[in-house]
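Here is a short report on one protein chain. Please keep the sequence and the 3D view open while reading.

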Amino acid sequence: SQSINILTEEAIERKLHANEYSYAVDRENSEIQRFDVSQLPSIDPIEDSHVEQILTNNGNDVWFYGVFDGHGGSYTSSKLTTDLIPYVARYLAPVFSKPEYSQQDINKSFQDAFVELDNDIVLNGFKDLFAAPSRETLLEKTLPAISGSCCLLTMYATKNSMLTISITGDSRAILVSRAHASDN
């Protein structure tokens, strides 16, 4: 039999706000002035991770925000934190070099990057293990393939105010904006 501890209101507030951060953005002419991050782990250690990154493309900011809901460990969500944006950026580079591009071009880049990274994690991870079987290869190359993660990656391109949200799994995004006083 397990006992359940009843937390005080103060303890609940500490838990809710323990992994909460606000970041002020100090970039000239930036449309984004602040972003906030909050995590509430359901297990210990937490299997989830997140990433926030700004890339610059010909003087225009491209903002990325990712949330990775780990499953069966943090191995995949941690790998997505370091690897997903570079994969997406590599596919977006030729699109952004065009004078005109469409949302379909962006969507295709995201899809291709996600598929390539998935193949690298799963197929190439096991190929590497079979090519060089060792404990290190087993841990480094296959744990991300067998743990898993949902993924929500957003991109905001300031050049054309294009917002892209890419979702794999059961994660969801909510867009919230503040109305200006002049908008009533």
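## Basis of the model

This is a predicted model: local features need pLDDT of at least 70, side-chain atom pairs count only at pLDDT 80 or more, and totals for chains, interfaces and linings use all residues. Residues are numbered from 1 along each chain as its sequence is written, and side-chain values use heavy atoms, with hydrogens and water left out.

## The chain as a whole

The protein chain has 4 helices and 6 strands. Helices (H or I, at least four residues) and strands (E, at least two) are DSSP runs, numbered from the N terminus. Their order along the sequence is α-β-β-β-β-α-α-α-β-β. Along the principal axes, the C-alpha atoms fill a box of roughly 60 × 55 × 25 Å.

Of the 184 residues, 31% are buried. Buried means under 20% relative accessible area, exposed over 50%, and partly exposed in between (1.4 Å probe, protein chains only). The accessible surface comes to about 12,300 Å², and carbon and sulfur atoms hold 52% of it. These areas come from the Shrake-Rupley method with a 1.4 Å probe; for residues, only the protein chains shown count as cover. Among contacts with a separation of 6 or more, 54% join residues 24 or more positions apart. Contact means heavy atoms within 4.5 Å.

## Strand β5 and its partners

Which strands pair with β5? One is β4 (residues 60–70), antiparallel over 9 bridges. Here Phe 68 has Cys 151 of β5 as its bridge partner. Another is β6 (residues 162–168), also antiparallel, with 7 bridges. Ala 157 stands opposite Met 162 of β6. Two strands count as paired if DSSP finds at least two bridges between them.

β5 and β6 form a hairpin with 4 residues between them. In that turn, Ser 161 has a positive phi of about 55 degrees.

## Nonpolar cores

Nonpolar side chains tend to be buried together in soluble globular proteins. A nonpolar core is a set of buried Ala, Val, Leu, Ile, Met, Phe, Trp, Tyr and Cys residues joined through side-chain atoms within 4.5 Å. The largest core in this chain has 24 residues. Those touching the most other members are Phe 64, Leu 84, Val 88, Ile 106, Phe 110, Leu 153 and Met 155. At least two residues come from each of β4, α2 (75–96), α3 (103–131) and β5. Helix α2 gives the most, with 8 residues. Another core, of 6 residues, lies apart from the largest one; Ile 32, Val 37, Trp 63 and Tyr 156 are among its members.

What does Phe 110 contact, beyond its neighbours within four places in sequence? Its contacts are Phe 64, Val 88, Leu 92, Leu 153, Met 155, Thr 164 and Ser 166.

Is each one buried, or partly exposed? Ser 77 counts as buried because its relative accessibility is 0%. Ser 78 counts as partly exposed because its value is 35%.

Beyond neighbours within four places in sequence, Ser 77 contacts Glu 47, Asp 48, Ser 49, Phe 68, Gly 70 and Ser 149. Ser 78 and Val 51 are 27 residues apart in sequence and 9.6 Å apart in space, C-alpha to C-alpha.
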